[in-house]
Amino acid sequence: MPELQKKFEQFMESENVQKHFVYYKKHMPQIDELDLIVLKGHLLIEEQIDGIIETKTNKYEALSNARLTFFQKASLVEALLGYPNIDWLWENLRNLNGIRNELSHNLNSPKLVTKIDNFLISIEHLYMPEAIPKEILSKSERVLSAIALIYGWLTAILEARRNTKASKL
């Protein structure tokens, strides 16, 4: 096993990273309720985004009165980090935000199904294993998996930033 891959696996199994997944599992619904999965997933992801912003700023509390939206925060993190090869992440943060907004502002939106389908297509063609046929999972389970993937990536970024910031102190 290459050394870099081994270090990455150790990092992902570290206590700091694992506590995020315990927190995620505690708060995400274990029922097939799409609205709740999207709303809670959106909140959990926003917490990760806030954490990343905090690691990139010297005076995070100065932003508290800015009333930044999820979209603005996601765009800020994308600009601050500038990581190559993860445009899919920023695109799907915006897609998830569009789904959340549709759910929050429209009871019976005709756009919701299309937004969810586009979100799933965007993530599943990149990251979902072929061994799990989409047909055996409900749409809610597929959205839950997609949100978990985004949460996992943001967790890795957050903890890597915290480790980098701590090593500079």
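**Close-up 1. Glu 46, Asp 50 and Lys 73 belong to one network of salt bridges.** A salt bridge is counted when a side-chain nitrogen of Lys or Arg lies within 4 Å of a carboxyl oxygen of Asp or Glu. The model is predicted, and local features need pLDDT of at least 70, side-chain atom pairs count only at pLDDT 80 or more, and totals for chains, interfaces and linings use all residues. Residues are numbered from 1 along each chain as its sequence is written, and side-chain values use heavy atoms, with hydrogens and water left out. Asp 50 is part of helix α3 (residues 34–56); helices are DSSP runs of H or I with at least four residues, and strands are runs of E with at least two, numbered from the N terminus. With a relative accessibility of 18%, Asp 50 counts as buried; buried means under 20% relative accessible area, exposed over 50% and partly exposed in between, for a 1.4 Å probe and protein chains only. Beyond its neighbours within four places in sequence, Asp 50 is in contact with Tyr 60 and Lys 73, where contact means heavy atoms within 4.5 Å.

**Close-up 2. Helices α4 and α5 pack against each other.** Helix α4 (residues 70–81) and α5 meet at an angle of about 175 degrees, and their axes are 10 Å apart. Axes are lines fitted to C-alpha atoms, for helices over the stretch in contact, and angles run from 0 to 180 degrees between N-to-C directions. Helix α4 is therefore roughly antiparallel to α5; angles under 35 degrees count as roughly parallel, over 145 as roughly antiparallel, 65 to 115 as roughly perpendicular and the rest as oblique. The residues of this contact comprise 7 nonpolar, 2 polar and 2 charged. In that grouping, Ala, Val, Leu, Ile, Met, Phe, Trp, Tyr, Cys and Pro are nonpolar, Asp, Glu, Lys and Arg are charged, and the others, Gly among them, are polar. A salt bridge joins the side chains of Arg 94 and Glu 78 at 3.0 Å, N to O. Arg 94 lies in helix α5 and Glu 78 in helix α4, so the pair ties together parts 16 residues apart in sequence. Arg 94 is partly exposed at 27% relative accessibility, and Glu 78 is partly exposed at 25%.

Close-up 3. The closest N and O atoms of Glu 124 and Arg 142 are 2.7 Å apart. In the salt bridge of Arg 162 with Glu 159, the closest N and O atoms are 2.9 Å apart. Glu 159 is buried at 2% relative accessible area, whereas Arg 162 is partly exposed at 33%.

**Close-up 4. Tyr 24 and Tyr 151 form a tilted aromatic pair.** Rings of Phe, Tyr and Trp (its six-membered ring) pair if their centres lie within 6.5 Å; planes under 30 degrees apart count as stacked, over 60 as edge-to-face and the rest as tilted. The centres of Tyr 24 and Tyr 151 are 4.7 Å apart, with 35 degrees between the planes. Tyr 24 lies in helix α2 (residues 15–27) and Tyr 151 in helix α7 (residues 139–168), 127 residues apart. Ring pairs also link Phe 21 with Tyr 24 and Tyr 151 in a cluster.
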